[in-house]
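Here is a short briefing on one predicted model. Please keep the sequence and the structure in view while reading.

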Amino acid sequence: MTDEASAELERRLRAGDELVLTDILRTHGPPVRAVLKRRFGSTLDDSDWEDVLAVALFRVWQARDRFDPLKASLRVWFFRIAENAARDVLKVGWQKARLLEVGVEPIALAEVAAFRHLDLPLPTETLISSESLQAALALLPEAQRQIVMADAQSRDGIVPSEQLGAELGLPPGTVRVYRKRALDRLRRELSET
């Protein structure tokens with residue numbers, strides 16, 4: 001890939017052009033995948049490597065504002081993110097890695113977070129709309145919201161602080177403090193509605 005073409009991909013990523021993800025995968029995916037397969041051996045099969053690259057692309061898109069071409073090229077940055085995604089998969093497995101993904105399902109979130117984690121009355125006694133819950137979640141800082149969402153999606157009701165800390169780049173103690181602050185704020189906000 002020429003320097004001009006690489007610079008164009010970097011510019012499009014920083015500009016927020018979603019279509020650049022296809023071009024990043026097409027140009028940088030095969031060499032990154034080949035290096036990762038050599039580095040990690042045969043512990044993952046071909047479909048797993050596709051999933052690793054998909055997770056890496058998702059993380060690239062989420063962190064596009066932090067990309068700095070002066071620190072590393074887009075190819076190197078994408079490789080590092082894919083390498084970390086592969087390590088996460090190998091460390092915790094796909095099932096646990098998927099529990100760390102943050103998605104918003106308003107009904108499931110309302111049922112799980114509001115009634116199990118927040119010790120609020122059951123829906124028959126008090127109705128909490130998903131809009132109220134979404135609004136309360138929007139007031140939380142990003143790290144706190146991610147912790148609450150991961151807990152809400154966990155089958156056990158809470159993701160270990162060490163696991164979330166590794167995913168979010170925070171010490172486990174900070175995860176515990178953020179979790180408590182987030183739940184306290186959600187309780188306050190939802191009790192006022």
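Leucine 13 is in contact with Val20, Ile24, Val60, Trp61, Arg64, Leu74 and Trp77, leaving aside its neighbours within four places in sequence. Contact means heavy atoms within 4.5 Å. The model is predicted: local features need pLDDT of at least 70, side-chain atom pairs count only at pLDDT 80 or more, and totals for chains, interfaces and linings use all residues. Residues are numbered from 1 along each chain as its sequence is written, and side-chain values use heavy atoms, with hydrogens and water left out.

**Nonpolar cores**

- The largest nonpolar core has 28 residues, and Leu13, Ile24, Trp77 and Phe78 have the most contacts inside it.
- Such a core is a set of buried Ala, Val, Leu, Ile, Met, Phe, Trp, Tyr and Cys residues joined through side-chain atoms within 4.5 Å. Buried means under 20% relative accessible area, with a 1.4 Å probe and protein chains only.
- Helices α1 (3–15), α2 (20–40), α3 (46–62) and α4 (74–100) each supply at least two residues of this core.
- Helix α4 gives the most to this core, with nine residues.
- Another core, of ten residues, lies apart from it; Leu140, Ala182, Leu186 and Leu190 are among them.

**Helix α8 against helix α9**

- The axes of α8 (residues 161–168) and α9 (residues 172–191) come within 8 Å and cross at roughly 100°. Axes are lines fitted to C-alpha atoms, for helices over the stretch in contact, and angles run from 0 to 180 degrees between N-to-C directions.
- Helix α8 is therefore roughly perpendicular to α9, a term for angles of 65 to 115 degrees.
- From α8, the contact is made by Ser161, Glu162, Leu164 and Gly165; from α9, by Pro172, Val175, Arg176 and Arg179.

**Arginine 179**

- Arginine 179 has its place in helix α9.
- Arginine 179 is buried, with a relative accessible area of 7%.
- Arginine 179 touches Ile147, Asp151, Ile158, Val159, Ser161 and Leu164, not counting residues up to four places away in sequence.

**The chain as a whole**

- The secondary structure comes to nine helices and zero strands. Helices (H or I, at least four residues) and strands (E, at least two) are DSSP runs, numbered from the N terminus.
- Of the 193 residues in the chain, 39% are buried.
- Among contacts between residues at least 6 apart in sequence, 68% join residues at least 24 apart.
- The chain exposes about 11,200 Å², and carbon and sulfur atoms supply 53% of it. Accessible areas come from the Shrake-Rupley method with a 1.4 Å probe.

Notes
Buried < 20%, exposed > 50% of the residue type's maximum accessible area, 1.4 Å probe, protein only. Parallel < 35°, antiparallel > 145°, perpendicular 65-115°, else oblique.
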